[in-house]
Every structure is written in structure tokens, then in C-alpha cells.
Amino acid sequence: MPLTITIANNGPLKISAEDAAQLELRDHEGNLIPLPEGKNISLCRCGASTRKPFCDGQHSKIGFIGANAAREAADAQA
Ligand code: FES
């Protein structure tokens, strides 16, 4: 199974791989960022996480609206 990135509706980017060794996350300088245990990680897309770059569920508390939903909401108000 390939590496899969799923955009959660109004939530994080969920990244999964059959083999956790396939996952590697690096910062802007190329330094490895330790990953949580498991085959899946969720990267914050809302900017509110206290454990960036990982999602900690804050998106629900702040009412984050993903780009598609935000565009649809704006179109509905126009
Ligand atoms: S997407 Fe979940 S805390 Fe930002």
C-alpha cells in the first residue's frame, strides 16, 4: 500500500503507511522530527495545535473550517 495522505474535513492531514518505517518527517532545515508510535500521523492544518506539527484536536475547539468548506460557506453568503 502506498503512503496515503487524507485531508480530514475541517481537520488535520492524516498520513498513513503500511510500514511505519516509510514515514519520515523533516523540518525546514532537513532535521528529522521524531514521530509518534504507530503507522499513522496527523499534521495540524489549522495552526492552533500546541504540539505542532502534529494535530492535538484543537481544530475542533476553535471551529476550524477547511478551505473547501470555507469557500462553500463564503459562496453561500454571496
Ligand atoms: S488540525 Fe488539529 S489541531 Fe490543527
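Colleague: Which residue in β3 does Lys-14 stand opposite?

Modeller: Please keep in mind that this is a predicted model. Strand β2 covers residues 13-16, and its antiparallel partner is β3, joined to it by 4 bridges. Within that pairing, the residue of β3 opposite Lys-14 is Ser-42.

Colleague: Which residues form the covered face of strand β3?

Modeller: In a regular strand the side chains alternate between the two faces of the sheet. Strand β3 spans residues 40-43, and its uncovered face holds Asn-40 and Ser-42. The covered face of β3 is made up of Ile-41 and Leu-43.

Colleague: In what order do the elements of the chain run from the N terminus on?

Modeller: The chain contains 2 helices and 3 strands. Read from the N terminus on, their order is β-β-β-α-α.

Colleague: Why is the chain described as more spread out than a compact globule?

Modeller: For 78 residues the globule rule gives 12 Å. The chain is more spread out than a compact globule because its radius of gyration is well over that figure, at 15 Å.

Colleague: What percentage of the residues of the chain count as buried?

Modeller: A residue is buried if its relative accessible area is under 20%. Of the 78 residues in the chain, the share that counts as buried is 21%.

Colleague: How far apart do the centres of the positive and negative side chains lie?

Modeller: The chain carries 8 positive side chains and 9 negative ones. The distance between the centres of these two sets is 6 Å.

Methods
Residues are numbered from 1 along each chain as its sequence is written. This is a predicted model: local features need pLDDT of at least 70, side-chain atom pairs count only at pLDDT 80 or more; totals for chains, interfaces and linings use all residues. Side-chain values use heavy atoms; hydrogens and water are left out. The radius of gyration is taken over C-alpha atoms; the globule rule is 2.2 Å times the number of residues to the power 0.38. Buried means under 20% relative accessible area, exposed over 50%, partly exposed in between (1.4 Å probe, protein chains only). Lys and Arg count as positive and Asp and Glu as negative; His and the chain ends are not counted. The place of a charge is taken as NZ of Lys, CZ of Arg, CG of Asp or CD of Glu. Two strands pair if DSSP finds at least two bridges between them.
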